[in-house]
Amino acid sequence: MSIKLGCIADDFTGATDLANNLVRAGMRTVQTIGIPGAPLRDDADAVVVALKTRTLPADEAVAQSLAALEWLQQQGAEQIYFKYCSTFDSTAQGNIGPVTDALMTRLGTDFTIATPAFPDNKRTVFKGYLFAGDVLLNESGMQHHPLTPMTDPNLVRVLSAQTSRKVGLIDYTVVAAGADAIRARIQALKEDGVEIAIVDAVSNQDLLTLGPALRGMPLVTAGSGVAIGLPGNWGLSAAQAVTQTRSVGLQAVVAGSCSTATNGQVAAFIDSGRPAYALDPMRLASGDDVVADVLAWAEPRMQDGPVLVYSTAQPDQVKAAQGQLGVERAGAMIEAAIARIAVGLVERGVRQLIVAGGETSGAVVQALGLEQIAIGEQIDPGVPWCAGYTPVANADVSIALKSGNFGTQDFFIKAFR
């Protein structure tokens, strides 16, 4: 099998977000959890290798990304796509810059683009500045992210701090002038020594215009938005999109994200009168068997409809827990607990599971032993239902991996309709 587009995603929800856009634009897409150790179950035009590298030390993120690249090249991938979050979140040291550098070097290319723009989810780039909705990124709540706080919305400046390569800008006036103008701007930037260019995009039309200009570029780096403009380079269209049938069974939500959007979704679920259980980090740290308590609480309730288990909290509560337990310990402890809870829920008959939060999704997917998932119907922009086999229950399970910042306020409720 030879694939057209080989994608490397730095977290699991981001991988699903990208795969969703590719499927909707007409590409048969398979998402793998890590680098596959077995043949793909389905034919595919694109493969998205989901890694969990966003918050790893840079050298580990680079090593895993290069290993994914090698596997994709062995499958004959014609173009490589490095996918990161639409909020461009990373630390001052990376990992967007270091991974991009390593992929460029391995591919022998001297130029690529970078844009996290995803207008369907209100992420736009204007004059190199990233907006979330109507506000700059650093005013959107991302400045409080517990692992990757974003305090600077200027993407040229943010990326320049992570790479020794010169970073430039392809602004909205060039994008509006069309694909030929973008190509000309790329050539001018290359002559000026620029190797990575931030690209403005404030609408889907901007991304569709950008797509043809990226034909043949060995490496594209972006959020998931750019994906809508790439399938057309291989003559594919949205008319060729495929859907999946959702599994039948009990329903549950587990949420580890502390984003503003997920906080609102948790509140809406609770306000609707549905059952919800809040995890207490300090009780987890005490050694109490919280997981067993949660599963005993959930088992009778989920017979009547979806239940929610969440560690979502406001920024001041997160900081308080981190202050007592340490940032890494608090995060790892909650992820591990939610993963064990998810396994227990699936063992008890859950076949439709929503997971909120990128790091949480990674922990849950790995705990369930999901190695490949097929992409199905979209719930909200960037979040589809997916289907995969889990040895935990010796059955297929439908799972939605939701980035913390994605989804409308009623997401947890409408997803099961």
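Biologist: How many residues of domain 1 are in contact with domain 2?

Modeller: 33 residues of domain 1 are in contact, and on the domain 2 side the count is 36. Keep in mind that this is a predicted model.

Biologist: Where are the domains in the chain?

Modeller: Domain 1 covers 5-237 and domain 2 covers 250-415. Taken over C-alpha atoms, their centres are separated by 27 Å.

Biologist: And the largest nonpolar core, which residues touch the most other members there?

Modeller: Tyr81, Leu353 and Ile399 do, out of 115 residues in that core. Helix α12 (residues 327-347) gives the most to it, with nine residues.

Biologist: Where does this core lie relative to the two domains?

Modeller: Between them, because domain 1 and domain 2 both give residues to this core. There is also a second, separate core of 19 residues, with Val266, Ala356, Phe406 and Phe416 among them.

Biologist: Val266 is in that second core. Which other residues of α8 are buried?

Modeller: Besides Val266, the buried residues of α8 are Ala261, Thr262, Asn263, Gly264, Gln265, Ala268 and Phe269.

Biologist: How does the span of α8 compare with what its 12 residues should give?

Modeller: It agrees: at 1.5 Å a residue, α8 (residues 260-271) should span 16 Å, and its end C-alpha atoms are 16 Å apart. After the helix comes Gly273, which has a positive phi, near 90 degrees.

Biologist: Switching to aromatics. How many aromatic pairs are there in the whole structure?

Modeller: A search finds seven. Take Tyr84 and Phe88: their ring centres are 5.2 Å apart with 85 degrees between the planes, an edge-to-face pair.

Biologist: Are those two buried or exposed?

Modeller: Tyr84 and Phe88 are both buried. They also form one aromatic cluster with Phe82.

Biologist: What about Tyr277 and Trp297, what is the geometry there?

Modeller: The centres are 5.4 Å apart and the planes are at 65 degrees, so that pair is edge-to-face. Tyr277 sits in strand β13 (residues 276-278) and Trp297 in helix α10 (residues 290-301), so the pair ties together parts that are 20 residues apart in sequence. Tyr277 and Trp297 are buried too.

Biologist: OK, strands now. How many of the residues of β2 are buried?

Modeller: Five of the five in β2 (residues 29-33), so the strand is largely enclosed by the rest of the structure.

Biologist: Which residues point to which side?

Modeller: Thr29, Gln31 and Ile33 are on one side, with Val30 and Thr32 on the other, and both faces are covered.

Biologist: Which way does β2 pair with β3, parallel or antiparallel?

Modeller: Parallel, over five bridges with β3 (residues 46-50). Gln31, for instance, has Val48 as its bridge partner in β3. β2 also pairs with strand β16 (residues 372-380), there in the antiparallel sense over three bridges. In that pairing, Thr32 stands opposite Gln372.

Biologist: I also spotted a sheet with β6 in it. What is the strand order?

Modeller: The order is β6-β7-β8, an open sheet of three strands with antiparallel pairing. β6 (123-126) and β8 (135-136) each have a single partner strand and stand at the edges, so one side of each is left without a neighbour in the sheet.

Biologist: How many bridges join β6 and β7?

Modeller: Four, with β7 being residues 129-132. One example is Arg123, whose bridge partner in β7 is Ala132.

Biologist: Last one, Asn20. Where is its place?

Modeller: Asn20 is in helix α1 (residues 12-24).

Biologist: Why do we call Asn20 buried?

Modeller: Because its relative accessible area is 0%, and buried means under 20%.

Biologist: What is Asn20 in contact with, leaving aside its neighbours within four places in sequence?

Modeller: Ile375, Gly376, Gln378, Gly382, Val383 and Pro384. Ile375, Gly376 and Gln378 fall within β16 (residues 372-380), the strand that pairs with β2.

Notes: Residues numbered from 1 in each chain as written. Predicted model: local features only at pLDDT ≥ 70, side-chain atom pairs only at ≥ 80, totals over all residues. Heavy atoms only, no water. Phe/Tyr/Trp six-rings, centres within 6.5 Å; stacked < 30°, edge-to-face > 60°. Buried < 20%, exposed > 50% of the residue type's maximum accessible area, 1.4 Å probe, protein only. Helix = DSSP H or I, 4+ residues; strand = E, 2+ residues; numbered from the N terminus. Expected span 1.5 Å × (residues − 1). Pairing = 2+ DSSP bridges. Core = buried A, V, L, I, M, F, W, Y, C linked by side-chain atoms within 4.5 Å. Domains from an automatic or database assignment. Contact = heavy atoms within 4.5 Å.
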